[in-house]
Amino acid sequence: GTYLWSTGQTSPSIYVSDPGLYWLRVQKNQCESTDSIQLRPCGEMQYFVPNAFSPNADLNNQLFKVYGSNIQSIHIQIFNAWGEQLADIEGTDPAWDGSFEGQICPQGLYLYKIQLTDFNNKKVYTGGLLQLLR
């Protein structure tokens with residue numbers, strides 16, 4: 001038969017090293033079959049949460065975000081000193097720009113809560129203080 005992989009290769013087997021969705025279509029005579037596999041990263045989740053950022057338009061440290069590897073999803077919550085929630089964002093690479101309802105937040109300390117989920121659905125919870133610098 002003939003083989004067509006999502007990578008464009010046409011051999012019976014391929015070698016891949018990157019996570020992702022791969023599919024294969026095999027045709028022989030009048031028959032065709034397709035199958036797919038989702039490859040996820042191996043290894044422990046590693047992450048770093050900065051304790052300060054400076055959203056002051058100088059193009060350095062503009063956003064508060066989590067840095068790491070083997071992270072499937074991130075959920076970040078930001079609170080001010082009075083416990084008011086200023087941000088509730090999630091995704092694969094969410095970031096807070098230091099604003100609330102379109103207004104720039106003042107310099108100061110803020111509280112963050114973060115939930116990280118790895119590719120095996122293991123969750124890690126962390127939190128702490130964040131210094132917003134202007």
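In this predicted model, Lys65 comes out as buried, with a relative accessibility of 17%. That value falls under the 20% cut-off, so Lys65 gets the buried label. Even so, the Lys65 side chain has a charged partner: it meets the side chain of Asp93 in a salt bridge, at 3.1 Å from N to O. The two residues come from distant parts of the chain, 28 residues apart, with Lys65 in strand 6 (residues 64-65) and Asp93 in the loop between strand 9 (85-91) and strand 10 (95-96). Asp93 itself is partly exposed, at 46% relative accessible area.

A search of the whole structure turns up 2 salt bridges. Besides the Asp93 and Lys65 pair, there is one between the side chains of Glu44 and Lys122, at 3.8 Å from N to O. This pair also ties together distant parts of the chain, 78 residues apart: Glu44 sits in the loop between strand 3 (31-39) and strand 4 (46-48), while Lys122 sits in the loop between strand 13 and strand 14. As for accessibility, Glu44 counts as exposed at 58%, and Lys122 as partly exposed at 44%.

The loop that holds Lys122 brings us to the hairpin formed by strand 13 and strand 14, with 5 residues between them. Asn121, in the turn, has a positive phi of about 65 degrees. Strand 13 (residues 108-117) and strand 14 pair in the antiparallel sense over 10 bridges, and Leu111 stands opposite Leu129 of strand 14. Strand 14 (residues 123-132) has a parallel pairing as well, over 2 bridges with strand 5 (residues 52-53). There, Ala52 has Gln131 as its bridge partner.

Strand 13 gives the most, with 4 residues. The core has 20 residues, and the ones that touch the most other members are Phe64, Val66, Ile78, Trp96, Ile114 and Leu116.

Trp96 is worth a look of its own. Leaving aside residues up to four places away in sequence, Trp96 touches Phe53, Gln62, Leu63, Phe64, Ile78, Leu86, Ala87, Ile89, Cys105, Tyr110, Leu130 and Leu132.

Note on methods
Residues are numbered from 1 along each chain as its sequence is written. This is a predicted model: local features need pLDDT of at least 70, side-chain atom pairs count only at pLDDT 80 or more; totals for chains, interfaces and linings use all residues. Side-chain values use heavy atoms; hydrogens and water are left out. Two strands pair if DSSP finds at least two bridges between them. A salt bridge is a side-chain nitrogen of Lys or Arg within 4 Å of a carboxyl oxygen of Asp or Glu. Buried means under 20% relative accessible area, exposed over 50%, partly exposed in between (1.4 Å probe, protein chains only). A nonpolar core is a set of buried Ala, Val, Leu, Ile, Met, Phe, Trp, Tyr and Cys residues joined through side-chain atoms within 4.5 Å. Contact means heavy atoms within 4.5 Å.
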